[in-house]
Amino acid sequence: MSGSSHGLGKSLATCFGRLGAKIALSLHNIEELMQAEAELAEGISVTAIRADVRSHDDCRALISGTVDRFGQIDVTVCNAGIDIIEPAHSYEEPEWDEIVETFCVATTIVPSLPPRQCRNGRSIIIITTKGQLLL
């Protein structure tokens, strides 16, 4: 689950974990990631894997680290987002690049998971509360 240290991602991780799911948290900020793991660890099977979803290598490491820890992936939640609090028409090119990379790279890597790492019927959920900033 990317973007899972706070907000919607953390709430989803908590909910899925309380229902018995094994959770792999992911975030690029290691301090926030470790804090989220510690908060969720009580009663939930959880691991934290640092990953920047703009990096193909980090996404691959997230996938393989999750499979190494839990044996397979059943559901993937792509929830990473970015806050640029200003009107979209005022974004500069580097800001647009960061937005596109953040919202798009993970959603292209994750569906390419090798079938041996996933059960039949796997689910890929792409959700964010940040998307409204693109409008």
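**Group meeting: the core and what surrounds it**

I'll start with the largest nonpolar core, which has twelve residues: Met-1, Ala-13, Ile-23, Leu-25, Leu-27, Leu-33, Ala-36, Leu-40, Ile-44, Val-46, Ala-48 and Val-77. Strand E1, residues 23-27, helix H2, residues 30-40, and strand E2, residues 46-50, each give two or more residues to this core. There is also a second, separate core of six residues, and among them are Ala-88, Tyr-91, Ile-99 and Phe-103. As background, nonpolar side chains in soluble globular proteins tend to be buried together.

Keep in mind that this is a predicted model. I'll return to confidence at the end.

Now the start of the chain. Met-1 sits in the segment before helix H1, which covers residues 7-18. Is Met-1 buried or exposed? Its relative accessible area is 14%; the cut-off for buried is under 20%, so Met-1 counts as buried. Leaving out residues up to four places away in sequence, Met-1 touches Gly-9, Leu-12, Ala-13, Phe-16, Ala-24, Leu-25, Ser-26 and Val-77. Met-1 and Ala-80 are 79 residues apart in sequence, yet their C-alpha atoms are 8.4 Å apart in space.

Next, helix H1. With twelve residues at 1.5 Å a residue, H1 should span 16 Å, and its end C-alpha atoms are 17 Å apart, which agrees. Which residues of H1 are buried? They are Gly-9, Ala-13, Thr-14 and Gly-17. Looking down the axis of H1, these buried residues fall within an arc of 130°, so they line one face of the helix. The elements that cover them include E1 and H2. Just after H1, Gly-20 has a positive phi of about 105°.

On to strand E1. Five of its five residues are buried. In a regular strand, side chains alternate between the two faces of the sheet. In E1, Ile-23, Leu-25 and Leu-27 point one way, while Ala-24 and Ser-26 point the other way. E1 pairs with E2 in the parallel sense, over five bridges. Within that pairing, Leu-27 stands opposite Arg-50 of E2.

Last, confidence. The mean pLDDT of the protein chain is 80, and 77% of its residues reach 70 or more. Where is confidence lowest, and where is it highest? The lowest is strand E4, residues 118-126, with a mean of 61, and the highest is E2, at 94. Over residues 131-135 the pLDDT is below 50, although beyond near neighbours in sequence this stretch has twelve contacts in the model. Where pLDDT is low, the predicted coordinates should not be read in detail.

Technical notes:
Residues numbered from 1 in each chain as written. Heavy atoms only, no water. Core = buried A, V, L, I, M, F, W, Y, C linked by side-chain atoms within 4.5 Å. Buried < 20%, exposed > 50% of the residue type's maximum accessible area, 1.4 Å probe, protein only. Helix = DSSP H or I, 4+ residues; strand = E, 2+ residues; numbered from the N terminus. Contact = heavy atoms within 4.5 Å. pLDDT = per-residue confidence, 0-100. Expected span 1.5 Å × (residues − 1). Arc of directions from axis to C-beta. Pairing = 2+ DSSP bridges.
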